[in-house]
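Reader: Please take me through the model below, with the cut-offs stated as the terms come up.

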Amino acid sequence: MSRIAILLNDRCHPKECQWECAEYCPVNRMGQACIVEGPTGKPIISETLCIGCGICIHKCPFDAIKILNTPEADESEIVHRYGYNGFRLYRLPAPPSQGITGLLGPNGTGKSTALRILAGVEIPNLGDYTKRPEWEAVVEHYRGTTLHAHFQKIARGELRTAVKPQYVDRIAEEPTTAEAYVAAGGGEAAPALESVGLSARAERPLSELSGGELQLAAIARTLATEADLYLFDEPSGYLDIVHRLQIARTLRRLGERKSVLVIEHDLALLDYLADQAHLLYGESSAFGVITRAMPMRTAINTYLQGYLREENVRFRTDPIRFVAHPPKPTTRLDAIVSFPALEKEFPKFHLSVGAGSLARGETVGIVGPNATGKTTFVRMLAGVEPPSRGVPPAAVTISYKPQYLRATHRASLRERMGALAADPTFDGALFERDLVPGLHLDEVLDVALPDLSGGELQRAAVALALARPAQLYLLDEPSAYLDADERMSMARLIRRQVERQAMSALVVDHDVYFLDIACDALMVFSSQDAGAAGLGEGPFPMREGMNRLLRNIDITFRRDAETLRPRINQEGSALDREQRSAGEYYYEPLS
Ligand code: SF4
Ligand code: SF4
C-alpha cells in the first residue's frame with residue numbers, strides 16, 4: 001500500500017489562508033517537516049512523513065488537499081506524474097493494429113492524458129517529474145512490451161495519428177468554414193463531410209455552427225486525415241441519438257482497417273461501437289489506474305458491477321442495476337401539470353406539440369433527433385420563448401435548467417447558496433442535505449463557478465434548479481459533460497427528488513441508459529416535411545415511447561442476460577428481425 005498526497009494547485013491560495021494545513025499537521029507539530037513551503041510558494045506534503053490522519057484535508061479552507069491510500073497500484077507502474085503532489089497515471093492502454101478500443105472511467109482519472117501520450121503529443125515522464133522527459137527513455141522503458149513498437153515509431157517520427165479533441169466548442173473561434181477546417185487536417189474534405197452528414201453546411205463559418213455540427217466537423221477532419229492511429233475524445237458530445245449511431249457506424253468501418261481508440265461516456269454507444277475496452281479507476285484529480293483490455297460486454301458489465309475481480313478492487317459501493325420491464329404506466333387522473341397544444345413559427349421551421357399532462361411524481365423524457373424543436377418546446381413552457389399559438393400554463397411554478405450553461409459571476413457555489421438563503425423560492429436545506437452530497441458537489445463548494453469543469457458546472461446547475469420548489473422541473477440535457485457514473489447517479493437523483501416531492505419533470509436527453517433510469521414516460525419529437533417542421537407527441541408510457549423513438553431511428557435493443565442493461569442489436573441479426581416484426585424495439589414482449 002502506498003499513500004499519496006495531492007495538492008490541487010488551482011484551489012490552493014496560500015495568500016488567502018493562514019496555512020492551516022501546515023499549522024495543524026501533527027507531524028509538523030512534532031517538529032518534522034511534513035508540510036513545508038515549496039519553491040512556488042505553495043505547500044509540499046511529504047508522502048513519507050505523512051501519517052494519513054486527514055487533519056490538513058479538513059483544515060484547508062479551500063479543499064485543496066487529498067490524502068489517499070492506493071493499495072492497488074505499484075509505483076513502478078507510474079506512466080506520468082504532474083509534480084511531487086500532483087496527479088499520477090498508472091499504466092497505459094495498448095491499442096492493437098486494427099479495431100476499436102474504448103477507454104471508460106470517471107472524469108479526472110487520466111483518460112485524456114493517456115490519449116495525448118499515445119498520440120505522441122505528451123512525453124510521459126515515467127514518474128520522474130524532475131527531469132525533461134525524452135522519447136528514448138520511454139522506448140527503453142517499454143522494451144519487451146506491446147507498447148515498445150508504438151513508442152519507437154513515435155520517437156522516429158513515423159507514427160501518424162489523428163486526434164478528435166474533447167472540447168469542440170473551441171474550434172468555433174477559428175475564422176474559417178467547415179470545409180476549410182476539415183481540409184486543413186490534410187485530407188479530402190468533401191467525402192469526410194458527406195460521411196458525417198454535414199455536406200449541406202460545408203461552406204458555413206465555424207462560428208455559425210451548432211455544438212452538434214462542430215462535433216461533426218471535428219470528427220470529419222479526423223476521419224479525413226491519413227493516420228495509423230485514430231483517437232476520438234468523446235465523439236458523442238452534443239450529438240443526438242441519430243447522429244450518435246451514424247458516427248458509430250462510420251467509426252466501425254474505420255476500425256476494420258485502422259487502429260481506433262475512443263473515450264466515451266454513453267455506455268450504449270460504446271458497447272455498440274468498440275470491440276474491447278480498458279476501464280479506469282482512481283480518484284478524480286489525484287490518480288488513475290488503467291486496467292488490461294477486456295471484451296466489450298465484460299468491460300461494461302464490470303463497470304456497472306463496480307468491482308474488478310482480477311485486481312480485487314471495488315471502485316463503486318453499489319452496482320448500477322437495470323430492469324427488463326418498463327415502469328407501470330402512470331395514471332394521468334392525478335395530473336399536476338397540463339399544457340395545451342403549442343406551436344412556434346420560425347422563418348424556416350414550424351413546430352407543433354400536442355396537448356399533454358404530467359402526473360404527480362412523474363419524470364418524462366423528451367427524446368428525438370436534434371432540430372425537431374425539443375429545446376424550443378421546453379423554452380416555451382419556461383416562458384423564455386413566446387409560442388406563436390397556444391398559451392403555456394401560467395399558474396404552474398417552474399424551475400428551469402437551460403441546455404447551454406455559462407457561469408459569469410466569480411462566486412462559488414457556497415457563496416451562491418448564502419446569497420439565496422433569504423430567497424423563499426430556494427430550499428437551502430434540501431440543497432445542502434440531499435443535492436450537494438447526491439451530486440458529489442461537496443468538494444467544489446468553494447471553487448468559483450467559472451473555474452468549474454463542464455461536468456461540475458452541469459451538476460451545480462441541476463442542483464440549483466432542483467432546490468427551487470416547483471410543480472414542473474425543466475432540465476435540458478442534464479447529462480452533458482458528465483461521465484458514465486455521474487450520469488447514472490444524476491438520473492437516479494432526479495427521479496427520486498421528483499417522486500419525493502410529488503412534483504413533475506421534463507428532461508431532454510440523448511443517453512439511453514440515463515433515460516431508462518430517470519424516466520416514467522416519454523414525449524417523442526420527430527422531423528416532418530424533410531426537416532422543415534417538427535412534431536412533439538406524448539407523454540407516452542415508456543414501452544410505447546421507446547417503440548416510437550426507435551422505430552423512427554431504425555434500431556432495436558436487447559437485454560444483457562447478466563445485468564439486464566439495454567444493448568443495441570446488430571442490424572439484420574435474428575433478434576433484430578424478430579423484435580421488429582413483433583413491434584418491440586426496446587422492452588421484452590408482453591407475455
Ligand atoms: S493547502 Fe489550503 S491551507 Fe494549505 S496553503 Fe493551500 S489553501 Fe492554505
Ligand atoms: S494527513 Fe498527513 S499531511 Fe495531512 S495533517 Fe495528517 S499527517 Fe499531516
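**Salt bridges, domains and ligand shells**

Author: Asp266 and Arg244 form a salt bridge, their closest N and O atoms being 2.8 Å apart. A salt bridge here is a side-chain nitrogen of Lys or Arg within 4 Å of a carboxyl oxygen of Asp or Glu. This is a predicted model, in which local features need pLDDT of at least 70 and side-chain atom pairs count only at pLDDT 80 or more, while totals for chains, interfaces and linings use all residues. Residues are numbered from 1 along each chain as its sequence is written, chains are lettered from A and ligands numbered from 1 in the order in which they are written, and side-chain values use heavy atoms, with hydrogens and water left out.

Reader: How many residues apart are Asp266 and Arg244?

Author: Helices (H or I, at least four residues) and strands (E, at least two) are DSSP runs numbered from the N terminus. Asp266 sits in the loop between strand 10 (259–263) and helix 11 (267–273), and Arg244 in helix 10 (residues 241–255). The pair links distant parts of the chain, and the separation is 22 residues.

Reader: How many salt bridges does a search of the whole structure find?

Author: Side chains of opposite charge can pair when their charged atoms come close. For the whole structure, the search gives 41 salt bridges.

Reader: What area is buried between domain 1 and domain 2?

Author: The domain assignment, automatic or from a database, gives domain 1 (2–70), domain 2 (75–304), domain 3 (333–541) and domain 4 (555–591). In domain 1, 15 residues are in contact (heavy atoms within 4.5 Å) with 13 residues of domain 2. Buried area is the accessible area (1.4 Å probe) that two parts lose on being put together, summed over both. Carbon and sulfur atoms give 52% of the area between these two domains, which is about 960 Å².

Reader: Which strand gives the largest share of the side of domain 1 that touches domain 2?

Author: Between domain 1 and domain 2 the count is 3 salt bridges. Strand 1 (2–7), strand 3 (43–45) and strand 4 (65–70) each supply at least two residues of the side of domain 1 that touches domain 2. The largest share, 5 residues, comes from strand 1.

Reader: How many charged residues does the shell around ligand 2 have?

Author: A residue is near a ligand if one of its heavy atoms lies within 4 Å of it. Of the 13 residues around ligand 2, those that come nearest are Cys25, Cys50, Cys53, Gly54 and Cys56. Ala, Val, Leu, Ile, Met, Phe, Trp, Tyr, Cys and Pro count as nonpolar, Asp, Glu, Lys and Arg as charged, and the others, Gly among them, as polar. By class the shell around ligand 2 has 11 nonpolar residues, 2 polar and no charged.

Reader: Which strand holds Pro539?

Author: The peptide bond from Gly538 to Pro539 is cis, with omega near 5°. Pro539 is found in strand 25 (residues 533–541).
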